[in-house]
Amino acid sequence: MWRFLLPVMVFLAIAGFLYAGLDLNPQLIPSPLINKPAPDFDLPTVNDPARRISRKQLLGQEYLLNVWASWCVACREEHNVITAIAQSGEIPVYGLNYKDTRKNATRWLAQFGDPYVASAHDLDGRTGIDFGVYGAPETFLVDAAGNIRYKFIGVLTPEVIEDEIWPLVATLRSTPAAKAEKPAADKPRAEKPVVEEQDPAE
Amino acid sequence: MIPELGHFALILALLVAAVQGVVPLFGAHTRDAAWMAVARPAAYTQLFLVLFAFVALSHAFATQDFSVVYVANNSNSQLPMMYRLSAVWGSHEGSLLLWTLILSLWTAAVARFSKSLPEAFAARVIAVMGLVAVGFMLFMLFTSNPFERHIPALIEGRDLNPLLQDPGLIIHPPMLYIGYVGFAVPFAFAIAALLSGQLDAGWARWSRPWTLVSWSFLTLGIALGSWWAYYELGWGGWWFWDPVENASFMPWLAGTALIHSQAVTEKRGAFRSWTVLLSITAFALSLLGTFLVRSGVLTSVHAFANDPARGLFILVYLLTVIGGALTLYAWRAPRVASPIATTPMSRETFLLINNLFFAVAAATVLLGTLYPLVIDALGLGKISVGPPYFGFMFAILMAPVVALMPAAPYVRWKTDEPGRVAESLWKPLAIAVAIAALLLPLYWSGLSLFLLGGVLGGCWVIVGTLWYVVRRFRTRPPGRFRLLPAGEMGMILAHFGVGIFVLGVTITNTFSVEQDIRLTPGEEYELAGHVFRFETVETLDGPNYTATQGTFLVSRGDDTVAMLYPQKRRYPQGNQMMTEAAIEAGFTRDIYVSLGEPLSDGAWSVRIYYKPFIRWIWLGALFMMAGGFVAAFDKRYRRTRAAAAEHAAPRVVEQGTAPQGA
C-alpha cells in the first residue's frame, strides 16, 4: 500500500519547493551593485542630444534612476507612480531611457508627460548592462556619494515607495556622517569621491 | 471588436469545457447514456470556440491592432507577415492559447477516433481532458488574457523578440506542444482506467497509439528546438541543459519509458500499475515544464517576463491535477497490480531495465533542474547546475541502455534460454566490434573512454538492429515478400535512430574545433584543413533590421568549399542585436562562421567552428520520430478497435504479431 502512496508524497515535496521558489522570486535577485558605486555613465539626454548627463554631475544629492522605454508597456503602468514621486518634490527622479529610439522616446514623453528631471538616452543599452538591468522598468536609489543603495525590478507601487524607498531616503539623509565615511572606507575609490565632489561646482 | 469576440469565445469555451468535464463523468458513473453522450459534441464545440479565439488573435496580429497589449508587446509595424502570425505564440499569453488549442485538437481527435471504445470509457477520457482544459482556460482568462486592451492604442509595437524571428521558431513550438499536450491523452486514459477499474491489456492497447504519436511529435519538437538553438543562438552548441530545454526533455524521457512499459502491459498484461504511473508522470512532467517556464521560478536564456501570481496559479493547478491523479492512483492502483510471472531472462526484464534507466534519467534531469531552486529555498545560496552534471550523469545512465537496447528484440517474452540469446547475439556484436576497431585509425587522435564507448555503442546499436531485420526476413516463409508489422518496423527505425544519434553526439563532442579569432578583411585563417578567407564586410537592409554582413571564402586545398555570409543584425525597434551564423551543412561535417564584435582597425572578432557529424544528431532524432509514427499505425490497433466494439472489456493476451525471435 505504501509504495502506491510514494509518488504522491514525492510530488508534494516537489510542490513544496516550487511554492518556496515562488516567494524567492524574482525581485529579490540581489544586485551585486548594492552599496557599491554606481557605474560610471555619460550620456546625451533624450530631450536635447547636445546636453549630457553623467554620474559625476549627479553627485551630491540622493536621486532615483528609473529605467524606462517607449516599448515597455509596464512603464506606462508605472508612469503615474513615477509622476507622483516627482511631484512630491522629495527626491529628484532621473530616467534612463533604455534601448529606445529618440523619436519614440520623445513622443512617449510628449504623450504621457515627462516626470523626469532629465532622461539619459542609453541607445545601445550599454549603461543598462553596466547597471545590471534585467529589463524595463527598474529603479535604482543612488546616494549623494554616488553609491547604489537600493534596486527594484518591475513596476514601482505606492507601497514599495512608502515601505522601502522613503525610509531609506530618510536614513541616508539623517546620517550624513555615514554617507561621508562610506566611500572613504572603500579603499580603491578613496580619492575619487573627493575629486568628484568638486565637479558639480564647476 | 474582433478581439472582444475572441475573448468571449474563450469564456464560452471555458463553460463548454466545464460541462464536458463534469456531465459525462457523472454519466459514466451512473451509466446514463444521455449524459455520456454530451462528451463528443462538447469536445467538438470546445475545439470550434478555441479555434475561433486563436483566429481572432491571429487577426489582431495580421492587422497590427496595437490596442491589444499582447500584440503591441510582440509585434511591430515593420514585422513581416510570416512573423506576425508566428508571433501569436511568441510569448506567454499566446503560447497558452496555442497550448489550449492543441489540447482541444487532441480532445476532438479522441472524440472522433474512440467510437469503438466502450461508451463509458470514452466518456471518462473526454471528460478528464475537459477538466485539464478548464484549468488552462481559467489560467488564461484570469492571469494571462491575450485579448487585453490598452486604450489609447500604442503608437508602435515593441516588436517580436528578434531571437524568435526565425523560420525554425514558426514550427518548433507547435510541434513541441503537440507532443507535450498529447501526453494528456494517455493521462486521461490512465485516469479513466483508474476510475473504472478497467486496467487490462486492452486499455494499454487503446492508449498506445496516442502515446506514440505524441512522443513522435515531442521528439520532432525537441530536435527542431535543438537545431534552432544551434544556428540561431550563435554558440554552435546543440543542447544547453537549459531549464526550458529540460522542461521538454523530462516528459520525453518519461514518455520513452511509457511506450516501452505499455508494450509489456499490452503483450503480457504485466506492469499495469507502473504503466498507469508513467502515464501520469509523463503528463505531470509536461505540466511541470510549463510551470517552470511560465512561472519564472527558474531563469534561463529562453524565459522572459515572469509573474509570481501566474506561478501560484499554475502551482495550484498542478496540485489539483497531478496531486489528484496520484492520490487516485494510490487509492485505486493496488487493486489492479498485476502478478508478474516472468523469469530473469525474458524480454520483460529487458524492458524493465529500460524503464528503470529512463525513469532515473528523468529524475536526474528533474533533480538537476530543481536543485538550484531547492538550495535557494533552503537558504543555502544561489547556485546553478551546469552541463557538466547533466553530461556526466547522462553518459553513465545511457551507457547500459545503449548496451542492452539492440539485444532486447532478440529475447523472447516470458522466458528464454540464455544460451539461445547469446548464440543469436554474438555475430552482430562481433561485427560491431570489428567495425569500431577498423575505424580506430580515424578517431585515434581523440581517443578517450567516452569516444571508444560511443563509437562502439553506436556501431553495436546500428549493427544489432540491422542484423535483427535481416534475421526476421530470413525466418519468414520464403517466396512472398511482406513487410514487417508496423509496430516492429517502428521499433527498428527508432532504435536505428538511436545508433545514429549516439555516433553523432560522440564524434561531435570529441572532434569539434572552435576558434575565436581576430580577422581583418583580406586575412586568412586555417582550421581543420580548411582555409577561411575573410573577404569583405558590407551593410545590408532587411525588412525590419539592418545587417552587417561578412563574406568568407572557405576552401580546402584548391577547391572552394563554400561562400559563407554571417550577419550581425540590429533590430531598431527594440534596439537588439542578433547574430546570424552562416553554416555550410554537410552529411559528415558542418562549417560554422559567426561574426562577433567589430574591433579596432577594421578588424572583427570572428568565431569559426568545424563540427563533424553534427547532422547525425538530428538525423537520429528524425529516425526516432519516424519510428514512433510508423509504430502508431500498426494494424493491430485498428483491429482491437473492431474487437472492442464487440466486447465491452477486451482482454487480448497474445495476437501473434509479437516478434518471437526464432
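Predicted model: local features only at pLDDT ≥ 70, side-chain atom pairs only at ≥ 80, totals over all residues.
Tutor: Residues are numbered from 1 along each chain as its sequence is written, and chains are lettered from A in the order in which they are written.

Student: Why are α19(B) and α20(B) called roughly antiparallel?

Tutor: Their axes, lines fitted to C-alpha atoms over the stretch in contact with angles from 0 to 180 degrees between N-to-C directions, cross at roughly 165° and come within 7 Å. Angles over 145 degrees count as roughly antiparallel, under 35 as roughly parallel, 65 to 115 as roughly perpendicular and the rest as oblique, so α19(B) and α20(B) are roughly antiparallel.

Student: What makes B:A39 and B:A122 part of the contact of α3(B) with α7(B)?

Tutor: Two residues are in contact if their C-beta atoms, placed from the backbone, lie within 7 Å. Among the residues making this contact are B:A39 and B:A42 of α3(B), and B:A122 and B:G130 of α7(B). The axes of these two helices come within 9 Å and cross at roughly 35°.

Student: How do the residues of that contact divide by class?

Tutor: Eight are nonpolar, two polar and one charged. Ala, Val, Leu, Ile, Met, Phe, Trp, Tyr, Cys and Pro count as nonpolar, Asp, Glu, Lys and Arg as charged, and the others, Gly among them, as polar.

Student: What makes the crossing of α3(B) and α7(B) left-handed?

Tutor: A crossing is left-handed if the near helix is turned anticlockwise from the far one by less than a right angle, and right-handed if clockwise. The crossing of α3(B) and α7(B) is left-handed, and that of α19(B) and α20(B) is left-handed too.

How values were computed: Helix = DSSP H or I, 4+ residues; strand = E, 2+ residues; numbered from the N terminus.
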